[in-house]
Every structure is written in structure tokens, then in C-alpha cells.
Amino acid sequence: MSAQWSRAQVLELAPDAGSAKAGQGLARAAAWRTLGCTDQALWGEIQGSGKNPYQVRIDLSEPAFKCSCPSRKFPCKHGIGLLLIFADQPGAFTAGGAPDWVTDWLERRTQRTEQRAAKAAERPPADPEARAKRAAQRADKVHRGVEELALWLADLVRQGLGAAQAQPVRYWENIAARMVDAQAPGLARWVRNLADNASSGEGWQERMLAAAGRLHLLLEAYARIDALPAALQADVRTCIGWPTPKEELLAQAGVTDAWTVLGQRIEREEKLRVQRTWLWGEATGREALILQFAAGAQPFEMAFVPGARFEGRLVYFPSAQPLRAIVATRTDAASGVVGLRAPGVAAARDAYVGALAEQPWIERWPLRVGGVVPRRDDAGGWQLVDAEGDGVALDERTACGWQLLAISGGAPLEVFGEWDGARLQPMSVATEGRLFTVAQTDAGAQIARVA
Amino acid sequence: MAAGGPLAEWQRLAAGAVLGTERLGSVLPAVGGAPSALLGKLGDAEPPVQMLRAAAVLGMYAGAGRRGGRSAVADEPAPADAEIAECSCQAGRQLVQILDEYRFLLGEWCALARGRGVRAPDELLPALLDAGVAKGTEVTREVVLAVVGQRGRWLAGLNPAWRSLEAGEDPAEVWRTGLHAERLAALEALRGRDPAAGRALVEGTWAQEGPEERATIVACLRIGLGPADEVFLETALDDKRKAVRTAAADLLAQLPEAQFRVRMTERARACLRWTWRKNLLRERRLELDVTLPDAVDKAMARDGIEARKNQGMGEKAYTLTQIVAGASLAALAEDTGAKPEQFVRCARDSDFKEALLGGWSVAAARQGAGDWAAALLKYALEVPDAFEDERLAGLAACLDERAREAELLKLLAHKRADASGLTLGGVLGALRHPWSEAFSRAVLKLLQRHFGTAPAQYDHALRKTVAQEVSRYMAPVLADDAANGWPRESANWHKGDDEMVNALAATLALRRAMHKELSGDPG
């Protein structure tokens, strides 16, 4: 991880807007009794409403937070405040001489990680017979769910998309709920996505029909899943909503590299917060998507800071186009400035199209385009255009075209972002040895320099 | 792609899908080219299933081949910023913080950066340009332009929303078509650069302006006010609206050579007769005979004099106040050869003390008479509730910076002891310029004492002033001192006062860091 934090990076760690605001209120060195740091950790003491000052400590390698205050938010406002001071005025911290309450905590963390690894290695294999039985039961349920959805989808096209568009929310929710009952939660998401397309404004017909076609392709693929290559079988099962046991993944060798966190987005799905973190391996040039889920204001299991870098081993989920992964091991931060080694627009698009031919259900593709300059188009939107005049459209909801142009000054950029097949959501920008991250805040896109 | 190609077929398929296969029957696309091989393998199935299969093929085909960039315009690249370097990372982070939650410090950051000869980081230019063109913010176009460099000017030229930053809006155009507030802002800006041009705008449309607008327009002429404005302001004195006449009279009273002041001075001479007498000890003493003015006539009303009672004064006494407020202080001194202190001493023994001192306090501020302001402030020390906060601030503004701080300190220290009707916040809030370190220390000490001993009555305005105004103008070297030394144990310490102190200390700390980073002043 780079030692340099930006405010935007820190504020992204806050579990909600209230914590971010409260954290900003504490982000003054004068409010703290002590402020200390080492290469690995930050700590500080601040007087709260209790008798003793709160002891706040941060393990910078992830970062991980610990505070003695009673707040259930995670990280709490004190953690956010402490890290904000580190971002704003790193000079306010006294280096070295970590007190016991910091070193003890760090030691316990290391021990716990080791214990967890040991335990995982020891865990006895589950009863294979019971497992097979459960799997068969589930397969049966899913099978009936898929058949039901296929009929429903055919009916939708028979009646016409126009009629479906006029249906109430109940119409979509009913079938989505039935897919959840059929233990195919992935299909429930596909149905909701279809409903979203129905109300997506101009061009909705094409978007909705394309989504219906893809869903149909998925259902037909499931019907003849045994005839598919093993990797694609895994994709079909994942799309439908079969979980992949973590233990199975961790048993694989994985990919070791220096990974840079190129982007992060958090979305709410009902009561869950879903975090997508994109990593890019420097030696292998591979991208990886880390998905994490958390209920309410609970912390995500692992913290990733956009723009940061770590050495580690990732294990990819089986797929014809492996993207999703988990972090098996992660070691100390390595530092260094990154270029994205991004190809031009045509090559970037070829990579996407090639992947789509292998795995037609890709929702978000990690697109790296290089040699591009931000330009405005006729429709008032923004495009990233390369020297050949080939371009990709920016997602207008991102609204960071002017900021990208300011960074570019007309010179080419390398941009990383999520590509949904039509529009790009920028997440990182590199140019002339500088690296920026694009965060989405309530006030719109915020671009911060991280290296 | 040619018409009838896969893309056209895809659009046709989508249009058909809207209606549904029940009404349309089979709508299978027939296309050549790449997707035809797949489409040929759709097989036998019900029409809806066939349509979905075709959608899977063509939808993916159309999406995968999407190309962009065709209609996008290429801009000339930005010129290099050879003279002005990007500010340090630390200063850039401070600017992020300011744009985020300390926007009132934007002007100070820009001024410091300008002094240092550095510009804002690339990624913050759009936010800064937004601030520069926003209405009602505290940074002017010039201040912003100085810290955006060539890159920022280049960017501003590309975005219609920022274009006015460089060229400025055409004031005549805004004057002709803008909303009232925009017109006033344009007029004030123009008066700052070219007072005559500003007056010309006003004169050009004066007859068409509504009665409500005329008074606010006249008030704008305070900027760049000069002798050339007299003729126009005299015509405004003939306005039907009292508010317009009052506004014009207030400005005329600030012009030393104006006929207005001559008329007022004559009226004052008719009311006040000053004579030197020797007392028994053979000391020369100034004495005053007051003849109250006649009822307000047409000519007096034209000069903005109102016939009414005010501030505990009767109608005639108030008329006298208004005359004194417009009369020349220099002429008074010439007529009698006395000094301001002597007039003040004489007036305080008079039956018309309030009328005279009140009038002079206005006149001193209007005429920028430092000697009179000093004499009146000295009087205010002895008689704490002699003047309102606004008057005191007006008098203080006539003094040079050092004298002003010294006088105010005396006043503030005294005022606290006397718990007079003046508000600490009112006086401090009127001092909108950076304070010297000595003055800052004294004010901080005063505030800290005040919060420990002040009456239980909660002074919300003072707390707001401390958090928002004092924090802006107090010397930033006091950042640490301002965080401590408050009477937190006092019974008068309110729950929210910790927040006030936090806000004060946080702002000062940020300002200190800014000064350190951008002016090299270790502070």
C-alpha cells in the first residue's frame, strides 16, 4: 500500500454518511491527546464522553480498525477521524514507540490470522454422502425453477415486451421470489435486471430484449449443462446462484502477484451492502474482482483501499473467463508508481468481445483503455477517444468528464473502469507517472491523486 | 453497417418483441454475414422461443460491435504551464479539505497560492472553476484565475459554464437581460473597474426602473463613488420614493465637495452657535447655543431628512441629528478652531447630547475622519452604551489598522467589565480583516474570560461569530492556544460550546497549515 492516503479514500471506508461527517469533525490534530505511527500502524487517544480517553488503532496493512469506544459502527468515527488526519497532515503523528495497547493488538491480529489458517487446514472433510444428498435435492429444485422461468419468459415474449412494461412491481417480484424459493437466487437477480431494463428510458426495447435473450441462453445452457465444457458449466451454475465453497477454492494454487486496487464500488441490495473491488496484477496483467457482502453497517471482511498495492495470492473462481477471485494470502504493502499498460480502444474492445464469446453472461468487464483523450460528443456526453478516432462512451451518471479532461490537458490517459457493454464507469486514471482514483460520492464523482 | 444488415434486423426484432409473437406470429430475422450461421441453427421451436434465441444471438452481436468516438470533438491540447508550478501535495490536500467543508477559506488559500506562485492541482481545477463562477461565493474571478494556470484557463475556455471566468460577462448584456440580483452584481463589478461606465448603465435605464429596484441600484454606486456621481445623485434626490432619496443622500453625504454637504453645513450653522468663553480661572472653554431647526421643509425632505421621533429623541432633536450627520466636520473645526475632543466634551454637557454625538458618529464614518472617530471612541469607553455596535465598527473603520485594534481592545475589555448593552460578537464580527497576533491574543483571552463569567443568558450570535468569523481572521499561530484555556468547568459553559471551540481550533489549525505550506511561514 502506498503511504499516501487521500481524503476521498478514507471517507469511502466510512460505513455511512453520518460516520463520515462525524469523522471529519474529529479530523483535527488538536482534538487528540496523542497521535503516533509506525510503518505498519497508526494510533491515537481522544477524550470522548467516557472517563478514559478512547484508544484508537489502525493496522495500515489492510487497513483494520480497533477502537475502545462503544460505537457499533465499523469503522467508528474515531477511526475515520484518525485516518483523515493521517491523510491531511501526516506530519502530526509522532513516529515510533508504539504503546502496549497497540503492539498487543497487532500481535493478537497476527496470531488470529495464523490460527485461522491452521484451523482451515485441519477442518475435517464434510460427510460426502450427506453432501451429495443435499446437492441432489438442490439440483432438483433448481431444475424445476429453471423450467418454470423458461415458460414464464416465453410467455413474456408471446404477450409482448410492451405488455410486460405495463405490469406492476408484483409481477416481477412474484417470479423473482419463486426463483429464490427454487434455490436459484442468481435467476432472481436476472429477473429484477429485466424489470429494470423495462423502465430504463429511451432504447429500452433493445436493452430488454437483449437481456431476455441472454437469460434464455442461460436457461437453455442449464438444460444441457452436461454437454458444456467444465469451465462454462461453472459459469452457468454461478449465474443461476450455486455457491462455490471457499475451501475448494483455497485448495487451488492461485496466482501470486503484486496487486493494485484499481477500483471499488459499493451498492445496496435490499439489506446487504455489496462491494466490488477490482484488482490488477502487475506481472501477470490479470484483473480480478473481489466481491464482499456485509449486512447493514457491518464491516466487510477485508478492507481494500483504491490506489493501494499489496503482494498476495489470489484464487479465481472456476469460469471460462476467470474474473471473480478471493484473496488467499496477503502480505505487506509494496510501493511504486503504476502505469496501466493499457491497449488502445480497438484492442480493448477485442478483448471484451473475445471474453463474451467464451462467457456470454459477463455483466461488468474490467476495461483498460490507453492512449485516450476525453472528448465531448454531439449528445452532450463524454467519450474516451484514441489516436485512431475509436472511442468508448463514459457513463453519464459518473459525470467526471471535465475532471478527466483537466487531468489530461489534451494528452493521452490510461483509464480503467467497469464496462457494461455500452458505457464505461471510470475507476482509475494514470498519466505521466501519476495515478488517480475516481470515487463516487453523494456530491458526484471525486477524483483524487493517490500516486 | 448496411441497411438490412444485422443491426437493422436487430432493431426490427426488438420492435416486434414489443408487440409480442401472439400478435405478430413468427418474426425470425433473415440476415447474411457473421450471425447468419448461428441464426440458421435456431431449430424448430415455438415462435417465442425462436425469438428469444434470435435475441440472444443478435443482441450480443449488436452490443459487442458498438463503436464510439465518431461524433466527439477534438480540443486543442492545453498549453504548458511553464511559469507556474502545481502546488505541493500537502497544499493540494488542504484545498480538497477546503472545497469539502471549509469553503469560506477558499479566498485565503487562493491568495496564499498566488503569493507563492503556484497553482491548484489538475484534478481540482473543475471544482475551483465552479467556485469562481458561482454567485455569492467569497472568491472573485481574478483570485481564482490567478491559481488555475494555463491549464485552468484552457479548460474554462472549453466549458460554456466557465467561459465568463476569463472574459467576465458583458455587464451591459447582464444589465439588459439579467435578474435583479445579477444586474446589481454586474453593476458593482463594473463600478469597481470603471465607475463612469457603471453610472452610464444606470442613467441609461433609470426612467424604466421600478420603484423597488431604484433604491438598491443607487446603493450600488457606493462602489467607486466620486465627485462625478454628484449630478446623478442630485436627480435621485427628486425621486418619489423615500428609500431612493435616503440612499442618494447617504452617498452624497460622503462626497466632500458636494452641494449636499454645503447645504447641510449651512443648516448646521443655523442651529449650532459655538463661542469661546473664559471661565473664572481664565481658561478658554467652548460653549454651545442650540437653536432647534424649524419643521422639516421641502428642501430638507429632498435631502433625505425625515420628520419623526427616533431613538428616544423628539422630532426636532432627530432632525438636528440628521443635519449634523450630513454637515462637514472640517468646516466645524475651521469655524471654531476647536479639536474633536473639545466638541465632544462640550456636547456631553449639552441638553442635546444624543442628537449631537449620534450625528457626529455617522458623519465621522461618512467622512472618514480619524481624529473624530478616535475622540468618539474614547467617549464610548466612558459611556459604554453611547453607540450601537454598527456605529462603533463604522468609527473603528476610520482608524488605521494598529490604532483600530488598540482602540477596540480597550473598548472590548471595558465593555465586558461593564456588561453593557454592546455585544462582543457584534463588534468582533465587524472586523473583517486578518488580525495581528497581539490583537488576536488579547481577543482570545477576552473571550475565554467572557465565557467563564458571562451571564447565564445564552448568546447564540456570539458563539456563531466565534466559530465562523473569529476563526477566519484570528492569527493562525494561535491554533493551539485556541484549543485550550477555556472555562469548561464553569457553570456558564454550555454543551455546544465545546463544538464552538472545536470549530475555532480546527479552522485555525487548517489555516496555520496552509500558511506554513504556502508562505513558508513556520507560524
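This is a predicted model: local features need pLDDT of at least 70, side-chain atom pairs count only at pLDDT 80 or more; totals for chains, interfaces and linings use all residues.

Reader: ok, and which ring does Trp206(B) pair with?

Author: Its partner is Phe232(B), in an edge-to-face pair with 5.1 Å from centre to centre and 80 degrees between the planes. Trp206(B) lies in the loop between α13 and α14 of chain B, whereas Phe232(B) belongs to helix α15 of chain B, 26 residues apart.

Reader: is Phe232(B) buried or exposed?

Author: Phe232(B) is buried, with a relative accessible area of 4%.

Reader: how many aromatic pairs are there over all chains?

Author: A search of the whole structure gives 23 of them. One of these joins Trp278(A) and Phe416(A), whose centres are 6.3 Å apart and whose planes meet at 65 degrees, so the pair is edge-to-face. Trp278(A) sits in strand β7 and Phe416(A) in strand β14 of chain A, 138 residues apart.

Reader: switching topic, what is the strand order in the open sheet of chain A?

Author: The order of its 5 strands is β4-β3-β2-β1-β5, with mixed pairing. Because β4 and β5 of chain A stand at the edges with a single partner strand each, one side of each is left without a neighbour in the sheet.

Reader: and which helix packs on that sheet?

Author: Helix α3 of chain A, residues 77–88, does so, touching β1, β2, β3 and β4 of chain A, and its direction makes about 60 degrees with that of β3(A).

Terms used: Residues are numbered from 1 along each chain as its sequence is written. Chains are lettered from A and ligands numbered from 1 in the order in which they are written. Side-chain values use heavy atoms; hydrogens and water are left out. Two strands pair if DSSP finds at least two bridges between them. Helices (H or I, at least four residues) and strands (E, at least two) are DSSP runs, numbered from the N terminus. Contact means heavy atoms within 4.5 Å. Axes are lines fitted to C-alpha atoms, for helices over the stretch in contact, and angles run from 0 to 180 degrees between N-to-C directions. Rings of Phe, Tyr and Trp (its six-membered ring) pair if their centres lie within 6.5 Å; planes under 30 degrees apart count as stacked, over 60 as edge-to-face and the rest as tilted. Buried means under 20% relative accessible area, exposed over 50%, partly exposed in between (1.4 Å probe, protein chains only).
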